[in-house]
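User: I would like to learn how to read a few features of a fold. Could you take me through them one at a time?

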Amino acid sequence: MSFLEAYSLELELLSPVHVGTGETYPAYAYVPDFEGKRVHLLDPSALLLALSPERREAFLRRVAEGPKGAQDVLRHLYREGQIPREAILRTLPASKAFLDTIQGATEEALLEYRPLPYSPRGPYLPGSSVKGALRTAWLYWTLVERKAVLEWRQGAWQWRKPGPEEDALIRPPRELKLSHNQDFEGAVLGYLVPKNGRTSRDLYRDPFRAVRLTDSDPGEGFLNRIGVFHPKGALDRTILLAETFRKGSRFRFRFRYQAGLAQHGGVAGPVPPKALVRALREYYGHVAEWERGYAEEYGLGRALDVYQELERRLKDPETFPLRVGFGSGTLSLRLALLLPEDYPEAQEPKTRKTAGAPSPRDGYPLGWAVGRLVPHGT
């Protein structure tokens with residue numbers, strides 16, 4: 001076996017993806033071009049320097065009054081051709097749902113939008129987000145393969161044999177804390193070790209230290225409207241504006257697996273790439289099946305299109321499903337499939353986030369992709 005295995009991880013998005021940065025663009029930092037179906041992101045400082053003193057004073061006065069006033073002034077300046085080229089940082093295409101929302105918005109929260117992460121080359125998918133999705137699938141796979149129950153008992157995670165017909169492989173404390181989750185991962189992956197009569201996380205032994213994943217090559221951002229679907233329509237007016245990657249976008253990451261770390265005891269165990277692909281197919285396949293049932297029950301047409309396309313693509317045994325980014329759902333982030341049914345964390349969410357439509361029922365589910373690992377040299 002080689003000490004270093006190198007691959008390209010190739011992803012194709014089956015639905016829009018948004019990865020949050022914690023930033024927002026306020027109403028005075030962009031101007032829409034409704035006819036061109038695009039939005040110009042502005043440098044407010046450059047804009048202020050280019051305006052005459054009278055226009056600058058009027059603009060600042062409207063900004064102080066609120067975001068709606070700021071947008072009104074910017075749109076007026078744009079129609080008059082008074083926004084100089086040097087004040088435009090970049091221009092992004094936008095969905096009709098996005099443009100309709102900002103055209104009718106009156107509240108500040110409805111005029112702000114969240115960007116994607118950016119490098120000097122453009123927006124990208126962070127390798128850390130994808131690696132987190134890989135890790136969740138591997139946790140699930142490890143538990144299923146071990147066929148043992150991991151239970152919180154007497155202040156610690158402890159393994160035991162499952163009882164007759166016991167399906168739940170995780171029995172957490174009723175009140176979960178961050179430290180419980182961190183110790184859980186350590187116990188499953190083998191880097192929770194005894195120390196001074198207690199257990200401690202030895203992060204140097206985390207098996208995923210042997211998995212290295214770069215950020216993606218740059219993609220193209222697309223401004224979109226994200227809504228929340230609730231079966232009773234209770235959250236239809238909940239709106240989030242965000243920059244997303246479009247359905248059909250393709251990304252490439254450099255994936256390296258340092259097999260020698262596991263061979264020589266540098267980490268607690270191996271994460272062989274072929275086994276990782278099986279884990280991804282198993283785990284996210286179950287998540288998709290669960291969500292497909294929800295979409296069928298409530299007649300979510302675009303969501304069903306995504307799950308049907310996913311099913312078709314997975315006929316190729318070399319491909320795997322993945323759920324990544326904002327709105328990917330608690331089923332993807334928590335191992336709810338292995339929890340007892342009476343635990344709150346195991347209950348199926350009542351809502352789903354969707355993108356691209358004024359009515360959340362008509363939008364696409366967020367975060368679905370298909371991928372493959374391509375060995376270098378093939």
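This is a predicted model: local features need pLDDT of at least 70, side-chain atom pairs count only at pLDDT 80 or more; totals for chains, interfaces and linings use all residues.

User: What is the order of the strands in the open sheet, and which are the edge strands?

Analyst: In general, strands of a sheet pair through backbone hydrogen bonds, in a parallel or an antiparallel sense. Here the open sheet has 5 strands in the order β5-β15-β14-β18-β19, and the pairing is mixed. The edge strands are β5 (113-114) and β19 (364-365), each of which pairs on one side only.

User: Which strands does helix α4 lie across?

Analyst: Helix α4 (residues 96-104) lies across β5, β14 (221-229) and β15 (239-245). Relative to β14, α4 runs at about 75°.

User: Now the helices. At what angle do α5 and α6 pack, and why are they called oblique?

Analyst: Helix α5 (residues 127-146) and helix α6 (residues 178-189) pack at about 55°, and their axes are 10 Å apart. Angles from 65 to 115 degrees count as roughly perpendicular and those under 35 as roughly parallel, so α5 and α6 are oblique to each other. The crossing of α5 past α6 is left-handed. On the α5 side the contact is made by Arg135, Trp138, Leu139, Thr142 and Leu143, and on the α6 side by Phe184, Glu185, Val188 and Leu189. By class, this contact has 6 nonpolar, 1 polar and 2 charged residues.

User: Which residues other than glycine have a positive phi, and are they buried or exposed?

Analyst: Two lysines are examples. Lysine 37 has a phi near 55° and lies in the loop between β2 (30-33) and β3 (38-42). With a relative accessible area of 57%, lysine 37 is exposed. Lysine 147 has a positive phi of about 55° and sits in the loop between α5 and β8 (149-153). Lysine 147 also counts as exposed, at 63% relative accessibility.

Conventions:
Residues are numbered from 1 along each chain as its sequence is written. Side-chain values use heavy atoms; hydrogens and water are left out. Axes are lines fitted to C-alpha atoms, for helices over the stretch in contact, and angles run from 0 to 180 degrees between N-to-C directions. Helices (H or I, at least four residues) and strands (E, at least two) are DSSP runs, numbered from the N terminus. Angles under 35 degrees count as roughly parallel, over 145 as roughly antiparallel, 65 to 115 as roughly perpendicular and the rest as oblique. A crossing is left-handed if the near helix is turned anticlockwise from the far one by less than a right angle, and right-handed if clockwise. Contact means heavy atoms within 4.5 Å. Ala, Val, Leu, Ile, Met, Phe, Trp, Tyr, Cys and Pro count as nonpolar, Asp, Glu, Lys and Arg as charged, and the others, Gly among them, as polar. Two strands pair if DSSP finds at least two bridges between them. Buried means under 20% relative accessible area, exposed over 50%, partly exposed in between (1.4 Å probe, protein chains only).
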